[in-house]
Amino acid sequence: MAIQTSPPGTFPTARRSRPPAANPPSQAAAPLPPAALPPTALPRERQLAAYRRALRSMPGGTDSNFRAWGEDTIYVDRGLGGRVWDLDGTEFIDLRMGYGPAILGHADQRVDDYVSERMRRGISFSLTSEDEISVAELICEMTFCDMARMTVSGTEATMHAIRIARGFTGRDRIVKFEGQYHGVHDYALISVLPTDVSHLGDRDEPVRLAWGRGIPEAIKETVIPAVYNDLDGLRRIFEREGEHIAAVIIEPILGNAQGILAQPGFLEGVRAMTREFGALLIFDEVKTGFRVAKGGAAELFGITPDLATYAKAMGNGYPAAAFGGRRDVMGMLPKHVSHGGTYAGNRVAAAAATRVLSIMRDTDALGTVARNGLAMQAGIGAVIERRGLPHVFTGVPQMFGIMFTEQLPADYRGWAATDHELYDDVARGMFLRGAMPEPDSREPWFVCEAHAEGDIIDRVITAFEGALDSALEARARG
Ligand SMILES: Cc1ncc(COP(=O)(O)O)c(C=O)c1O
């Protein structure tokens, strides 16, 4: 088994469905995740009724393109710890954890009790509460940030960080890496996650690939796609148009492409180059923040960016997000750059973040998350090895991917060369066996503290083993 080089201080180790295609052929074909659960394999009666009802009033029957899985769309009833139940009562071990937020586990009583006590004092005043000050203080204590502000979503956080970088530098252009997802504002939806990587253009001259219609040409022109782990390519971009580049925004771990890690020296190189050309470095830590280390990827890799964005794990599922960074850069607020939001810092989100971040700071929750991930990897690795299949774990145990490949990909294009169809078949098979990873190889498994409970890890491994055998048999039958 190949093991991806781990960043310093981690354990050795290992995506997201796309909006449905409403795109002209020149843009990213964006199919749904493979919706091929045998329709009768799991009880689906109530969910199908919910789907048909929802379709009448909600496009795709959901509130997010990422959840629109056609007739296989899952309608949830409840979650507890590391488990989730659909509307028909089927229990699954949850390996999606809401695309990452529920790091402690669903319906965590420590957080929920605190939030419900605080919310009785009222939620939204468009005035500032002490809860919000506590959140900013905790972020500044746990990360490199000198100052922070709350937003409601990761999308808002990256949008505001980009604007501040533009305001601070007086420049317009933003470099982003292919295969990285920074939310759903226009500046983020360039060269994200096409299934056919040829749409990204020549790797030495990547094209600006808009994800879906509605993104103005003028906005596209301000975003420069780059290839992850390719410092030479980044240097060519800076030498060509460095004086116009306000910032490089990067997911330090390619969290939306199976957690592919930066190669040694890459993040250091990006940091040095941004300094050399007077641009800012924005770490998008929406997935990695408070998950891969208490101080996020900045701490894990020992790199200090100028700005960072946080969401997901800071709220354990409550809609809490933030951006923060260097005092002089954040000092663009409130006078020089616009930022606001009726719900920014609302009591529910701020109370949740205060409690979650305190738990992260004061307990070994992240150690438990990492140990759970390592135990899953050990069991799954043994299962795959017994069948003699090449594979690598990508990412870190708290957030890992499984690739069936000899050669560890360095960037998003490399994912296409892995046997991701096999992974997708296994993931679907796991659903039938009571575990729910995202049925798309690009989304990592999200591990939570509550996965340590009972026999959850054993059940994940057993589900994986059964699903792998079934996928291999189906393949052998052709
Ligand atoms: C790295 C990253 N940035 C930004 C976002 C957008 O966050 P949100 O869905 O809260 O708008 C996501 C969501 O998955 C993400 O993974």
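Mentor: We will take the labels in turn, keeping in mind throughout that this is a predicted model.

Trainee: Then let me begin with the helices: why is α6 called roughly parallel to α7?

Mentor: The axes of α6 (residues 231-241) and α7 (residues 266-276) come within 10 Å and cross at roughly 10°. Angles under 35 degrees count as roughly parallel, and therefore α6 is roughly parallel to α7.

Trainee: Which residues in α6 and α7 meet?

Mentor: From α6 there are L231, L234, R235 and F238, and these meet F266, G269, V270 and M273 in α7. By class, the contact of α6 with α7 has six nonpolar, one polar and one charged residues.

Trainee: Turning to the sheet, what makes β2 and β16 the strands at the edges?

Mentor: The sheet is open and has four strands in the order β2-β3-β4-β16, with mixed pairing. Both β2 (76-80) and β16 (435-436) have a single partner strand, so one side of each is left without a neighbour in the sheet.

Trainee: How do you know that β3 and β4 pair?

Mentor: Pairing requires at least two bridges between two strands, and β3 (residues 83-86) and β4 (residues 91-94) have three bridges, in the antiparallel sense. As for a particular bridge, the partner of W85 in β4 is E91.

Trainee: Why is Q258 called buried?

Mentor: A residue is buried if 20 or more other C-beta atoms lie within 10 Å of its own; Q258 has 33 and is therefore buried. Its place is in the loop between β10 (245-250) and α7, and Q258 has a positive phi of about 65° although it is not a glycine.

Trainee: And K312, what makes it count as buried?

Mentor: K312 has 27 C-beta neighbours inside 10 Å, and so it counts as buried by that cut-off of 20 or more. K312 lies in the loop between β12 (307-310) and β13 (321-325), with a positive phi of about 20° although it is not a glycine.

Trainee: Why do such backbone values deserve a remark?

Mentor: Because most residues other than glycine have a negative phi, and most peptide bonds are trans.

Trainee: Finally, which residues are closest to the ligand?

Mentor: The ligand is surrounded by 16 residues, of which the closest are S153, G154, T155, G183 and V286. Helix α4 (residues 154-169) gives the most to this shell, with three residues, and by class the shell has five nonpolar, eight polar and three charged residues.

Notes. Residues numbered from 1 in each chain as written. Predicted model: local features only at pLDDT ≥ 70, side-chain atom pairs only at ≥ 80, totals over all residues. Near = placed C-beta within 6 Å. Helix = DSSP H or I, 4+ residues; strand = E, 2+ residues; numbered from the N terminus. Nonpolar A, V, L, I, M, F, W, Y, C, P; charged D, E, K, R; others polar. Axes fitted to C-alpha atoms, helices over the stretch in contact; angles between N-to-C directions. Parallel < 35°, antiparallel > 145°, perpendicular 65-115°, else oblique. Contact = placed C-beta atoms within 7 Å. Buried ≥ 20, exposed ≤ 12 C-beta atoms within 10 Å, placed from the backbone.
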